[in-house]
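Here's a quick briefing to read with the model open beside you. Have the viewer ready and follow along topic by topic.

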Amino acid sequence: MLRKKVSMILIACFLILAADLVYTAADQKKALTYQDIMRFKDIRNPVISENGLWVAYTTQPDRGDGKVIVRGVKNGKEYLVERGCQPVISKDGNWVAMIIKPLAAELAAAKKDKPKQGMALFDTRSGRVQELEKVKDFALSDDSRWLAYHLYKEKDKVKKQEEEPEEEKKDEKKLEIGSTMVLSNLNSGEEVRIPFALSYAFDTTSSFLVYAIGDEAGEANGLYYLELSKQGRLRKALLQEPKAKCSQLVWTKTGSNLVFLVSKMTEKKDTDSDASVWVWKAEEDKLTQVVTSEDAPKGWFLPAKNQLKWSRDGRRLFFGFKPEEFRQVEEDKKEKDKNIDLFDVESILKKSEVDVWHWNDPLINTNQKNIWPRVKDQTYTAVFFIDSGRLVQLADRDVPEVWITDNPEYVLAVSSIPYQKEITWYGRLRDIYIVNLSNGARKKVVSRLEDRFSLSPGGGYVVYYQDKNWHLFDRRSGHVRNLTKDIGIPFYDEDHDYPSKVPGYGIAGWVKEDQAVLLYDKYDVWKFPVESGKPVNITGGKGRKGLYTFRTLRLDPDKEFYDFKEKILLSAFHNREKNWGFYSCDLNGAGVKKLLEERKKFKFLAKAKKADKVLFSREDYAEFPDLWISGLEFKKPEKISNVNPQISEFAWGTAELVEWDSMDGIPLQGVLIKPGNYEPGKKYPVIVYYYRFFSQRLHEFNQTVINHRPCFPFYASNGYVVFLPDIRFEIGLPGPAATKCLVPGVQKIINMGIADPDAIGLHGHSWSGYQTAFVITQTNIFTCAVAGAPVSNMTSAYSGIRWGTGLARQFQYEKSQSRIGGSLWEKLELYIENSPVFFADRIETPLLILFGDKDSAVPWYQGIELYLAMRRLEKDCVFLQYRDEPHHPQKYPNKLDWFKKMKEYFDHYLKGKPGPDWIIEGIPYRGK
C-alpha cells in the first residue's frame, strides 16, 4: 500500500513537472534569424484619396518582392498588387496607378540587361487590376478620365560587324529618339498610341495632352496636342520643325496656358544649344515665342538645359540665362595625323593632366570638381511677365541664387560668393537680398547669415535668425526689429554643444495678410505681430511648463499662411517621458487641447484634401508603425494596416527609460532594452549603441533590416541587453566627455543587476565610431568594441577631404561635430588629446574596425592608422575593409557579411562562443 502511495505521488510530481516544462516551452518565443530580418516589411509611399475613402501604400521587405495594398476606409476591404510600388490615387478615388517592379530574383540574377519595370491600374469600384509591361512612367489627368503612359524603347537591332565597323560604331552619334506613348480613356478603354514621344503633360483642366516628338530622322519633330474633349482622336501640331527638340512642358496651375522650350537637336551630347521660350494659350489657340538668346544680357545665352516655372496665378514665368563662358561645346574629333612630331612642345603639353591648387582659390579643387556638374549647367533666374511682355534679370554672378515664390512683387535672393573661401574652415555663410520683380533692384536684408530666413507671403517682411535672436526686416522702411530679445526665454537651441554659433528652433509659418509670424522656442509656439502688439504664446506656455515640445503640422502643404480663426494641429513630444501625441491650438493664445496621447510615438502623414480624414502612424519599441486613420479630433482612430503580424512570434524584448548622472554631475537618460524571455535576476551580455541623444528612441520601433547598425530586436531575441545612452559633449573635449557619460551609464545598468560586468560590448559608427575608438583608450569597462568608420587621428583628419562633397574637413573640427573649436595651430594640444591613435598603447579592449575604401565622409586611412598602431603595439584588433563601399556598406552581400560578422564578434567576446577564423587567425589574401 505504501509503495502504491509513493508511486502515485511520484507520478503526480512528474505530471506537474512535465506540465510546467510544456508551459515554459510554449511561453518561450523565437529568436530572430538573418532570414527573418530579410522578410520583415516596411511601409512606403502611403497616400490617401482626396475624398478620404481609399488608402494605398507599399509594403517592401528588406529583401524580396514588395506589394501595394489598397484599402477601402469604410468597408475595410484590402486588395493586393504583387510587386507594386509608388501608388498614385486619382482625384476621384476610382483608380490607383502604380509601378510594377521586376521580380527581385530576376533583378539579382541579371548582369547586363536588367528586366524593365511595368505598371498596374487598379479599379477601386470593381477590384480589377490591369497590368502593363515595360512602362517607363505614367500620369493621370486631374479629371480622372485619362491615363497616359510611356513605354521603354525597343532595343535597336544589332548590325553585323561587316556592315558597321567597330570604329564607325564608336564615333556614331544619334539624334534623341522618343518611344511609344499611350493615351487610355479610363471609362471606355479606348487607346491612342503615339510613336516617338519624348515627353508629355496633361493640363490642369484635363482638356489637353501635349507631347513632344523626336523621330528617327528628326523630320516630324515638334510639339503636338490631343484635344481630350474630342476623345483624344484629334491630333494637332503646335510646332513642327525638322530636328527641333521641345522640352520642359509646364502648364499653369490653373487654366490652360503652356510654356515650353524649343532648341535644335545636336548629335553632340555635351554641347549647349540655344533655346527659345514659347507660350501657348490653349483656350485661344495662340502660340507665341516670348524669349530667345537675343534677349539675354550681353555675353549670356538661353540654354536648352533649363528650368521653367510658372507663378501660381500664371502671370509670371521664371527661367534662366547662362554665361557664354560656360557654354559646353564638344569638339570635333580630328583625323589622326600619322606624321606626329615627337618634339612639338605644344602638342605634347595639350595631353598633360594636371590640376592647379592655388592657395587663394575661392573653393578648393576637390569641391570645384564636385560641384562642376551643377556649375556647368547653372542658369541665372530671370522673370517674364505674360501680360506686359516685360523681361527682368533677377540673378547674376554676384547674387546667383533666387528663391522663387508666388509673391507678385518680390522674391528673395541669396549669395555665398563673398564667403566661399571661409567654407573650408568656418562653414556656410550667406547674404540675403529682397529683389523687386518689376526692375530687378535689390535691397540687402542681412550679411553673413548662418541660419534660417523666410519672406512673408505678402512680400512685406523678411524674418531671419542671427546671434541668438529672431529679427524682422520691414521691406518698406528698411528697418530691422529684434523680435525676441526682451521675451525672457531663449529662442536659441538650449542643448547646443558645438563650437559654432547657437542656432534657432525654426519658423512655424506666417499669419494671413502678413499680420504676424509664428516662431518656435524649445517647447512652445509664439505669434509675433509684425507692426504693433505684444507677442503671444499661442500654446499658452504649456510646453515649457509641462516639458512638451509643440510643433505645427501642415494639413495643406500648398497653403502659405494660417487663417485668423484656424485651428492648428500640433505634434507633441514629452522631453522627459519621451512619448508623443497630437494637440491643437488657435492663434489667440488660449492654450492647447489634447487630442491623442499615449506611451507611443505618433507621426502625421497626410490629410485627405476634401474630407475630415487624417492618416498617421503609431509605434513603440515592440509595435511596428502601422497606418491609422481618424477624423481631425482623433476621437475614434482606427488601425488600417497590419504589415508584420509575425512580431508576436519573436522574443522582441521590452524598452524602458534609465537615468543617471555623468561624472560631471550632468543628468542623463538612456533606453534599456531587455531581452525577450527576460529572467529577473539574471545577468546578461550588453551591447551599448549610441551617437549623441538616443533616449528619444524609447517609443520608436527599430528598423528591422540588414545594415551596418545593430538591429535591437535581433540582439534582444538572441539573449542580449541593448543600451542606448545619451551623450552630452564638451567643446574642446569631445572624447573625454563621451567617456564621462558612458562609463557611469554602464555602471548604472551593472548596479541594476541586469548587465554582466564581464560581457559589455561598445558599438559606434562614424561620429560614435570615433567615440568608441577614443573611449577604449580611457577605460577597460568594455569587454570588446566595434568602431565603424572612426576618425583615429584628428591631426591628420583635420586636413583631409570629405570626398562626397569635395569639402575640406577643417570646418568640422573648428565649428561642427568634432567640436575642437579652433584650428590645428591654435589648439594643437586638444587635437592630440582627443585622438585615439596617440593613446593606443593604453588600449586593453579587443577592437573590430569597419571601413569602406570608398568612404566619402571619413578618410578610410583613419582606420588604417589605428589598425597599424594597435598592430605595432600587439593589441587585439581586426580591420574589415569592404571594397568599393562608401560610408556604410550598400551592396547586400557586404551588408549581410558585416551584419553577420558583428554578431559573431559579440558572440565570441560576450558569450564565449568559439571564434571563427577571421577573428582568431585572420584570412590571408588570395588574389580577390
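A charge sits over a ring if NZ of Lys or CZ of Arg is within 6 Å of the ring centre and within 35 degrees of the ring normal. Keep in mind that this is a predicted model, where local features need pLDDT of at least 70 and side-chain atom pairs count only at pLDDT 80 or more, while totals for chains, interfaces and linings use all residues. Residues are numbered from 1 along each chain as its sequence is written, and side-chain values use heavy atoms, with hydrogens and water left out.

**Charges over rings**

- Arg-448 lies over the face of Tyr-426, at 5.8 Å from the ring centre.
- Another case is Arg-390, which sits over the face of Phe-385 at 4.3 Å from the ring centre.

**Aromatic pairs**

- Searching the whole structure turns up 51 aromatic pairs. Rings of Phe, Tyr and Trp (its six-membered ring) pair if their centres lie within 6.5 Å; planes under 30 degrees apart count as stacked, over 60 as edge-to-face and the rest as tilted.
- Take Phe-40 and Trp-652: their ring centres are 5.4 Å apart and their planes are at 35 degrees, so the pair is tilted.
- Phe-40 is in the loop between helix 2 (34–39) and strand 1 (41–48), and Trp-652 is in the loop between strand 44 (638–639) and strand 45 (654–661), so this pair ties together parts that are 612 residues apart in sequence. Helices (H or I, at least four residues) and strands (E, at least two) are DSSP runs, numbered from the N terminus.
- Phe-40 counts as buried at 2% relative accessibility, and Trp-652 is buried too, with a relative accessible area of 4%. Buried means under 20% relative accessible area, exposed over 50%, and partly exposed in between (1.4 Å probe, protein chains only).
- Phe-582 and Phe-602 have ring centres 5.8 Å apart and planes at 45 degrees, so that pair is tilted.
- Phe-582 belongs to strand 39 (residues 580–585) and Phe-602 to strand 41 (residues 601–607), so the pair ties together parts that are 20 residues apart in sequence. Both Phe-582 and Phe-602 are buried.
- One aromatic cluster is formed by Tyr-34, Phe-714, Tyr-715, Tyr-720, Phe-899 and Phe-906.

**Salt bridges**

- Side chains of opposite charge can pair when their charged atoms come close.
- The whole structure has 55 salt bridges, each being a side-chain nitrogen of Lys or Arg within 4 Å of a carboxyl oxygen of Asp or Glu.
- Asp-387 and Arg-315 meet through their side chains at 2.9 Å, N to O. Asp-387 lies in the loop between strand 23 (380–385) and strand 24 (391–393), and Arg-315 in the loop between strand 21 (309–310) and strand 22, so the pair ties together parts that are 72 residues apart in sequence.
- Asp-387 is exposed, with a relative accessible area of 57%, while Arg-315 is partly exposed at 48%.
- Asp-431 and Lys-444 form a salt bridge at 3.7 Å, N to O. Asp-431 is in strand 27 (residues 430–436) and Lys-444 in strand 28 (residues 442–449), so the pair ties together parts that are 13 residues apart in sequence.
- Asp-431 is buried, with a relative accessible area of 2%, whereas Lys-444 is partly exposed at 40%.
- A network of salt bridges links Asp-272, Lys-305, Lys-322, Lys-376 and Asp-377.

**Helix 15**

- Helix 15 (residues 892–911) has 20 residues and runs 27 Å from its first C-alpha to its last, close to the 28 Å expected at 1.5 Å a residue. That expected span is 1.5 Å times one less than the number of residues.
- Helix 15 is mostly covered, with 15 of its 20 residues buried.
- Just after helix 15, Gly-912 takes a positive phi of about 75 degrees.

**A proline in a loop**

- Pro-710 lies in the loop between strand 47 (684–689) and helix 8 (712–717), and is buried, with a relative accessible area of 4%.
- Pro-710 and Tyr-689 are 21 residues apart in sequence and 7.9 Å apart in space, C-alpha to C-alpha.
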